[in-house]
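Here's a quick briefing to read with the model open beside you. Have a look at the fold, then come back for the details.

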Amino acid sequence: MQTKPPRFAAVVLVSAASCQRTEPPVVAAARPSSPALAVVPPDAGTGEDTAAVNARIQSVLGEPAKYQQAFVSFQKAVAARDAKAVAALAAYPFTATVGGRKVKLPDAAAFMRHYDAIVTPAIANVITRQRYADLFVNADGVMFGQGEAWLNGICRDAACKDFDVRVIAIQSAN
């Protein structure tokens, strides 16, 4: 019988993974895009599927409710093409590819200026079509699609007793 690590250890993993990140996770391959941006409801799978992803988030990252809320907010903001709302969900400085070059964006205002280059139609399609129950979860966070977007906890204090879930990467394989 496996035992779950203590919750404090899971939160420390979030701290180590998110506070020390210098580069976003690498994209494996992008999915083809579709013009429709309809958000897939987070409960579009069985309750068992959602429970499984929540259990994985709890064991690796902590507090699945925070991740589910960030997931829903991110999808809705992208579907609405709300650059301000998406920018508010990002962790800064945020590294993005703009005009073929990696650029460190210091704040939400810079993110909003480059929104169309960061959240392309193909990326938006992946984000809005992702089912919560199908999220891939590891110490890097929760992954949309094949790595086009990632969410992870960002510590609010040195001990990482409290954290916010933020968008840590949006990237394309192209």
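**A buried isoleucine, and what else to look at**

Ile 118 has a relative accessibility of 5%, so it counts as buried, the cut-off being under 20%. Keep in mind that this is a predicted model.

**The chain as a whole**

- Reading from the N terminus, the order of elements is α-α-α-α-β-β-α-α-α-β-β-β-β.
- Of the 174 residues in the chain, 45% are buried.
- Take the contacts between residues at least 6 apart in sequence: 64% of them link residues at least 24 apart.

**Around Ile 118**

- Ile 118 sits in helix 6, which covers residues 115-118.
- Which residues does Ile 118 contact, leaving aside its neighbours within four places in sequence? They are Phe 94, Ala 96, Val 98, Leu 105, Phe 111, Ile 123 and Ile 170.
- Thr 97 is 21 residues away from Ile 118 along the chain, yet their C-alpha atoms are separated by 6.7 Å.

**Helix 3 against helix 7**

- As background, a packed helix pair is described by two things, the angle between the axes and the distance between them.
- Here, helix 3 (residues 64-79) packs on helix 7 (residues 121-129) at about 140 degrees, and the axes are 9 Å apart.
- That angle makes helix 3 oblique to helix 7, because only angles over 145 degrees would count as roughly antiparallel.
- The crossing of helix 3 and helix 7 is left-handed.
- On the helix 3 side, the contact is made by Phe 74, Gln 75, Val 78 and Ala 79, and on the helix 7 side by Ala 124, Ile 127, Thr 128 and Arg 129.
- Sorted by class, this contact of helix 3 with helix 7 comes to five nonpolar, two polar and one charged residues.

**The disulfide**

- How many disulfides does a search of the whole structure find? There's one, and it joins Cys 155 to Cys 160 with an S to S distance of 2.2 Å.
- The link between Cys 155 and Cys 160 is left-handed, with -85 degrees about the S-S bond.
- Are its two ends buried or exposed? Cys 155 is buried, because its relative accessible area is 16%, and Cys 160 is buried too, at 0%.
- Cys 160 lies in the loop between strand 5 (149-155) and strand 6 (163-170).

- Most residues other than glycine have a negative phi, and most peptide bonds are trans, so departures from either are worth a look.
- Glu 63 isn't a glycine either, and its phi is positive at about 30 degrees.
- You'll find Glu 63 in the loop between helix 2 (47-60) and helix 3.
- With a relative accessibility of 24%, Glu 63 counts as partly exposed.
- The peptide bond from Tyr 92 to Pro 93 is cis, its omega being near 0 degrees.
- Pro 93 belongs to the loop between helix 4 (83-89) and strand 1 (94-98).

Technical notes
Residues numbered from 1 in each chain as written. Predicted model: local features only at pLDDT ≥ 70, side-chain atom pairs only at ≥ 80, totals over all residues. Heavy atoms only, no water. Disulfide = S-S within 2.5 Å. Buried < 20%, exposed > 50% of the residue type's maximum accessible area, 1.4 Å probe, protein only. Helix = DSSP H or I, 4+ residues; strand = E, 2+ residues; numbered from the N terminus. Contact = heavy atoms within 4.5 Å. Axes fitted to C-alpha atoms, helices over the stretch in contact; angles between N-to-C directions. Parallel < 35°, antiparallel > 145°, perpendicular 65-115°, else oblique. Left-handed = near helix turned anticlockwise from the far one by under 90°. Nonpolar A, V, L, I, M, F, W, Y, C, P; charged D, E, K, R; others polar.
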